[in-house]
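Please take a moment with the sequence and the model below before reading on. The paragraphs that follow go from the chain as a whole to its metal site.

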Amino acid sequence: MADLLSGLESLGLGDLSGLDIYNKKESASKKDDEPKKEATVKIEETDFLFDKKFECPVCNKSFKTKMIRAGKVRLEKIDTDLRPIYENVDTLKYDAIVCPHCGYAALNRFFSYVTHKHAKIIKESISANFVNTFDDLPTYSYEDAIKRHKLALLNDVMKRAKDSEKAYTCLKLAWLHRGYIEHLSAETEDFANKVRGLKAEEISFLEKAYEGFKAAFTTEEFPMCGMDDLTVAYMIGDIARQLGKYEEAAKQVSLVLTSRKPNDRIKEKARDLRDMIKEEIRSLGGSR
Ligand SMILES: [Zn+2]
């Protein structure tokens, strides 16, 4: 878990050993090496951004942060696990909002929901140590975006957010690592190693997302993070497939396909997923 949140040391939040996302006992070691900052400023990305003013629900101070102009972006495609890919800009980089004054951070959709009790916990566990080292750049690099989302995840863990909220933040982190790999130049120093490391982190976050959504599926209400039960079931199925848990993946697919609830879009995707699972199992058998 501490490794999952590596990179937050520069924010004064380095002592995360023993921290577990879903509050289970687990010992973990601390990783000290800070990822290198990268100046991946793309001029055209700024066309899709604007500064939005927020009032922090924890410290009540106001600040501005970069947001996507929703009307300007065009969806290009959707990954099998429902990751949206937009033309010219990876909108996912801008989904975590960070208060530069106190270190409170959350995904946009959860940002305003802070109880008095949560605010107190965040002040004590995060604000007390938080040092704002985020650069005020016109666009966010992947390293920057990942750090913002990790801080959001740390906030989720500290305030004991719902499993679905933590799982959703983990899923976004997995997607950010995938986006990072896709945008990494082949001329990057130590390219193959870097890709391998990022892929391993993507898988770690997918595993955590899978664990959280599975737990939330039976204990929480729908809609969950804006998704109905069939959509979440499908998504768990595809994440299971990516993790090589084919039996579980097939179970989720049949849950979607046998449901009487209407959601044709997801049912069609579930049929594709069923074919993909079969194909992957067949190719595994052939390689043995
Ligand atoms: Zn604040």
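Buried residues make up 49% of the 288 residues in the protein chain, and this, like everything that follows, is read from a predicted model. Taken along the principal axes, the C-alpha atoms fill a box of roughly 55 × 45 × 45 Å.

The secondary structure consists of seven helices and six strands, which follow one another along the sequence in the pattern β-β-β-β-β-β-α-α-α-α-α-α-α.

Which residues hold the zinc ion? Its protein donors are the SG atoms of C56, C59, C99 and C102, lying 2.2 to 2.3 Å from the metal, and in sequence these residues are spaced C-x2-C-x39-C-x2-C. C59 lies in the loop between β1 (49–55) and β2 (62–68), whereas C99 lies in the loop between β5 (96–98) and β6 (105–107), so the pair ties together parts that are 40 residues apart in sequence. The arrangement around the zinc ion is tetrahedral, because the four donor atoms subtend angles of 107 to 116°; the ideal angle for four tetrahedral donors is 109.5 degrees.

The two cysteines of that pair can also be described by their accessibility: C59 is partly exposed, with a relative accessible area of 21%, while C99, at 0% relative accessibility, counts as buried.

Note on methods. Residues are numbered from 1 along each chain as its sequence is written. This is a predicted model: local features need pLDDT of at least 70, side-chain atom pairs count only at pLDDT 80 or more; totals for chains, interfaces and linings use all residues. Side-chain values use heavy atoms; hydrogens and water are left out. Donors are N, O and S atoms within 2.8 Å of the metal (3.2 Å for Na, K and Ca); water is not among the atoms, so sites may look incomplete. Four donors count as tetrahedral if all angles lie between 85 and 135 degrees; four count as square planar and six as octahedral if opposite donors are over 155 degrees apart and all others between 65 and 115; anything else is irregular. Helices (H or I, at least four residues) and strands (E, at least two) are DSSP runs, numbered from the N terminus. Buried means under 20% relative accessible area, exposed over 50%, partly exposed in between (1.4 Å probe, protein chains only).
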